[in-house]
Structure formats: C-alpha cells, structure tokens
Amino acid sequence: MSRYLLTGATTPIGASVIRHLLAAPDTELILAVGNEPIRPTTVEIDGRVRYRRLDLTRERNLRELLYGPCREEGVEVIVDMAAHRRFGATGPRARALNVVATRRLLDLSADHPSIRRFVYRSWGEVHDVGEALPSLVDELHPLDLSPDAPQWVRDRVEADLTVCARMAMSRLSIAVLRAAECLAPRTGSQLHDYLGAEVCFRPMGYDPIFNLISEHDLGRALALAARSDAEGVFTIPGATTLPLKEIIRRSARIDVPVPGPLMTPLYGLRRAVRGTSFDYRLNRGRLHFGVVLDGQRAKRLLGYAPEVTVTFPRD
C-alpha cells in the first residue's frame, strides 16, 4: 500500500504522519486534506505530497474528493484524523466534522474501486475512568457512554463506535487507534492548555498518573497502521508516564491543591478571562484516577512501541 489520503493534514500530528510515510521508499503519493492554508514549514512537502484545502463537512466535497482525485490517483488507504481540536467547538457544525464526515468517508469508501484500508485516529479519552475500573487500559476497556459527558467526548465515542461497527460489515480493512494524549501545541491537548497557566490547580488528595505521547510517536503509529493489514482496535501508549505533580514540576508551574468542588468554578473563570479551553468536566476522571494505555497488541501486530518522550511546556 503506497497511495494515501490523509485528512487533518495541517495539524502537527498530520505533519508527523506525512514525514513517516515519506520515509518509506515505496510511498508514491500522499493526498493531504485540511480546512486551512498549509504551513510549508510544518509539512515536509516533496513531489509525492499534494495538498487540497476542503471543508469535509460538505457532502459534495467528500464525494468529489473520493471519486475525483482519489479514484484518479488510485488511493488505497485513508488515514482519517479530521476533528475539531478546540473543546469549545460544539453543536451540529462541530458534530458534522467530528462524526458525520467520518461516517460519510466510510460510506463512500465501501464500494470505491481502489480504497482498501481505513485507519481512524481515535483518542484514549474515549475510555471510561473511575475508581472501580482498572488503571491499565486495553482494547476491551469500556468507553465513556454517559449522556452527560461533554460533546467533545460524546462525538469522539460516537465516531469511534461508528468505525468499529463497520469492521464486521465492510470489505474494507479497518483499524482504530485509541492514542494517549499528545502533549503539544495545536493538537487540542487539554493537558497542554492546563499547563499553560503559571498556577495549576489540582484536586486535593489526588496525584493521578498520566500517559502521554509525542507527536513523533503518534505520527509513527498512524503511519505503521496505514502500512499494515492488521485490523481491529489498538491502544497506543506514549513513552512518558508520570504523576500529575511531577508533570507540573517539570513544566515549571506552581502546584496548588484545592478542594474538588472549587475546580469547576476556578477553571470556568480562567476560560472566561483568558479564553483558554481546559475544562474540568472533561478531565475530572483523569485528574482523580490516572490511566495508562496497554500497547501490547499494537506492539505485536503493528510493530509499534513508544520511543520519544514528550517535551513539557516551560514558557
């Protein structure tokens, strides 16, 4: 497999996927798609990369993409990463990109003359977290199906399950990668936003473990999945596993434990004043009960093991 369609290509993770795919000598074409101008310094462009700026929430654009350039170029593999990164993106327009566009990509790929494989970038945050649940999370760990979860979570769980449901119903070879949080700017990382303040409030009495993945490793995992025939769900851990207090220390921030009930109003005020995106409702479980992703299946079938530790924000 050497001809790829990559959605969400203008993100730092998209740039990492492109670099890893280009490192393979048999890569012939990467059709990169995004909804913003591409940054030449971010994405390593060569003759094998072609960029198209498209709004994937429009049905006509999706159909023209798959039955225009994808068919003409013989694209074989889709790596789908298109989703709103900003937590505050809510409502039908956000869901159209987070969920509906992925569903339509699958629909249009089902009978496509050249597409054979679909790789979906999912999130470790789709997993349920709680005192009664194991802290080591594998592919069979329950998902967060609470109707009261923020839309950011609900959309990602729905999209993940939509792709999983096609595994038994489609001729496509399908892989879903539920990855650890990528601690980097412009990736939608809630923890990166949390560490963006000089003072980090932490629920009193809790010091949960976080497993974090670098842009390099997440891009490599997605590229390995794109080049593989292995199907199913894969949990993708990162190389950095640390307690929250140590993460705060390494980021040169001030750790301030506060009673749990104060976390919501404190971070609600921060969002209102500074326009930041960290939301305690989304992160409440992780700030009390840490989780680490089990990467044994990804290591065995994809050949993936984390290599590069994350860089902590210090400015």
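Me: How many cavities of 30 Å³ or more does the structure hold?
Reply: This is a predicted model. A cavity here is a space where a 1.4 Å probe fits but cannot get out. With the cut-off at 30 Å³ or more, the number of cavities is 3.

Me: How much space lies in the largest cavity?
Reply: The largest cavity is lined by 13 residues. By class, that lining has 7 nonpolar, 3 polar and 3 charged residues. The space inside is about 150 Å³.

Me: Which strand gives the most to the lining of the largest cavity?
Reply: Among the lining residues, those nearest the centre of the largest cavity are Gly 124, Glu 181, Asn 211, Arg 286 and Val 291. The strand in question spans residues 209-213 and gives 4 residues to the lining. Its name is β10.

Me: What volume does the second largest cavity have?
Reply: Its lining has 13 residues, and Met 81, Arg 85, Arg 121, Trp 123 and Thr 187 lie nearest the centre. The second largest cavity has a volume of about 110 Å³.

Me: Which elements give two or more residues to the lining of the second largest cavity?
Reply: By class, the lining of the second largest cavity has 5 nonpolar, 4 polar and 4 charged residues. Two or more of the lining residues come from each of these elements: β5 (117-123) and α4 (151-166).

Me: How much space lies in the largest pocket?
Reply: A pocket, unlike a cavity, is an open set of points. By class, the lining of the largest pocket has 10 nonpolar, 7 polar and 4 charged residues. The space in the largest pocket is about 420 Å³.

Me: Which residues are closest to the centre of the largest pocket?
Reply: The largest pocket is lined by 21 residues. β2 (29-34) and α3 (92-109) are the elements that give two or more residues to this lining. The closest to the centre are Asn 35, Asp 55, Ala 83, His 84 and Leu 97.

Me: Which element gives the most to the lining of the largest pocket?
Reply: The elements that give two or more residues are β2 and α3. The top contribution is 4 residues. It comes from α3.

Me: How much space lies in the second largest pocket?
Reply: Its lining has 17 residues, with Asp 144, Arg 281, Leu 282, Arg 284 and Gly 285 nearest the centre. By class, the lining has 6 nonpolar, 4 polar and 7 charged residues. The space in the second largest pocket is about 340 Å³.

Me: Is α3 roughly parallel or roughly antiparallel to α4?
Reply: The axes of α3 and α4 come within 9 Å and cross at roughly 5°. Angles under 35 degrees count as roughly parallel. So α3 and α4 are roughly parallel.

Me: How many charged residues does the contact of α3 with α4 have?
Reply: Ala 94, Arg 95, Asn 98, Val 99, Thr 102, Arg 103, Leu 106 and Asp 107 in α3 meet residues of α4. Their partners in α4 are Gln 151, Asp 155, Arg 156, Glu 158, Ala 159, Thr 162, Val 163 and Arg 166. Besides 5 nonpolar and 4 polar residues, the charged residues number 7.

Me: Does α2 pass α3 in a left-handed or a right-handed crossing?
Reply: Helix α2 covers residues 59-73, and the axes of α2 and α3 come within 10 Å. They cross at roughly 35°. The crossing is right-handed.

Me: How many nonpolar residues does the contact of α2 with α3 have?
Reply: Glu 59, Leu 62, Arg 63, Leu 66 and Tyr 67 in α2 meet Ala 101, Arg 104, Leu 105, Leu 108 and Ser 109 in α3. By class, 1 is polar and 3 are charged. The nonpolar residues number 6.

Me: Is α1 oblique or roughly parallel to α6?
Reply: Helix α1 (residues 12-22) and helix α6 (residues 215-227) pack with their axes 8 Å apart. The angle is about 55°. That angle makes the α1 and α6 pair oblique.

Methods: Residues are numbered from 1 along each chain as its sequence is written. This is a predicted model: local features need pLDDT of at least 70, side-chain atom pairs count only at pLDDT 80 or more; totals for chains, interfaces and linings use all residues. Side-chain values use heavy atoms; hydrogens and water are left out. Axes are lines fitted to C-alpha atoms, for helices over the stretch in contact, and angles run from 0 to 180 degrees between N-to-C directions. Angles under 35 degrees count as roughly parallel, over 145 as roughly antiparallel, 65 to 115 as roughly perpendicular and the rest as oblique. On a 1 Å grid over the protein atoms alone, a cavity is a set of points where a 1.4 Å probe fits but cannot get out, and a pocket is an open set with protein on both sides within 12 Å along at least five of seven lines; lining residues have an atom within 4 Å of a point. Grid points are joined across faces, edges and corners, and a volume is the space filled by probe spheres set on the points. Ala, Val, Leu, Ile, Met, Phe, Trp, Tyr, Cys and Pro count as nonpolar, Asp, Glu, Lys and Arg as charged, and the others, Gly among them, as polar. Contact means heavy atoms within 4.5 Å. A crossing is left-handed if the near helix is turned anticlockwise from the far one by less than a right angle, and right-handed if clockwise.
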